[in-house]
Amino acid sequence: MAPKKRLITDTFKVVKKAKIEEVKEGKVVKPDPEQEPELVPVPQRQLDLDLLKQFDLNWEFGPCLGITRLERWERADELGLNPPLQVYDLLQHHLEDPKYLNSHSLEVGPPEVSQAHGDSVTHLTDMGSLLT
């Protein structure tokens, strides 16, 4: 005897019928197509930081490792690469804010060594002095 032919609906529940019935009964509220969706305003700070991130990611102005955004902008300007003036204005208005001055991916400053890895780093440097 041949095995019974099974349908996909034998394994998975049919959901479509339930949704149609809910719409007919008025349980599901459809959005009004004439009504515009509510736009959530983006804070100006976020827009500024996004612009600076685009500046960071643009290799046209040279590498950004180990220098602040302002130093990178000034270097690009000295080399005649025409960096965006809007970036310079932002950096001048926020000279005290490290989120504006430092690159998004790499913060300028000494690297932080965690306590867990501090001993192994010291141990490796001690071994290096033994080899010389």
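I first looked up Ser103, which is buried at a relative accessible area of 2%, where buried means under 20%, exposed over 50% and partly exposed in between, with a 1.4 Å probe and protein chains only. The model is a predicted one, in which local features need pLDDT of at least 70 and side-chain atom pairs count only at pLDDT 80 or more, while totals for chains, interfaces and linings use all residues. Residues are numbered from 1 along each chain as its sequence is written, and side-chain values use heavy atoms, with hydrogens and water left out.

I placed Ser103 in the loop between helix H6 (98–101) and helix H7 (115–131); helices (H or I, at least four residues) and strands (E, at least two) are DSSP runs numbered from the N terminus. Leaving aside residues up to four places away in sequence, I found that Ser103 touches Asp56, Cys64 and Arg69, a contact being heavy atoms within 4.5 Å.

I then turned to the largest nonpolar core, which has 12 residues, among them Leu49, Phe55, Trp73 and Tyr100; such a core is a set of buried Ala, Val, Leu, Ile, Met, Phe, Trp, Tyr and Cys residues joined through side-chain atoms within 4.5 Å. Helix H3 (44–57), helix H4 (69–78), helix H5 (85–93) and H6 each supply at least two residues of this core. Leu49 touches Lys99 and Tyr100, again not counting residues up to four places away in sequence.

Next I asked how many aromatic pairs the structure holds, and the count was two. In one of them, Trp73 and Tyr88 are tilted, at 4.4 Å centre to centre and 35 degrees between the planes; rings of Phe, Tyr and Trp (its six-membered ring) pair if their centres lie within 6.5 Å, and planes under 30 degrees apart count as stacked, over 60 as edge-to-face and the rest as tilted. This pair links Trp73 in helix H4 with Tyr88 in helix H5, 15 residues apart. Trp73 is buried at a relative accessible area of 6%, whereas Tyr88 is partly exposed at 27%.

I also noted that Arg72 lies over the face of Phe55, 4.7 Å from the ring centre, the criterion being NZ of Lys or CZ of Arg within 6 Å of the ring centre and within 35 degrees of the ring normal.

Last, for the protein as a whole, I recorded seven helices and zero strands, with buried residues making up 19% of the 132 residues.
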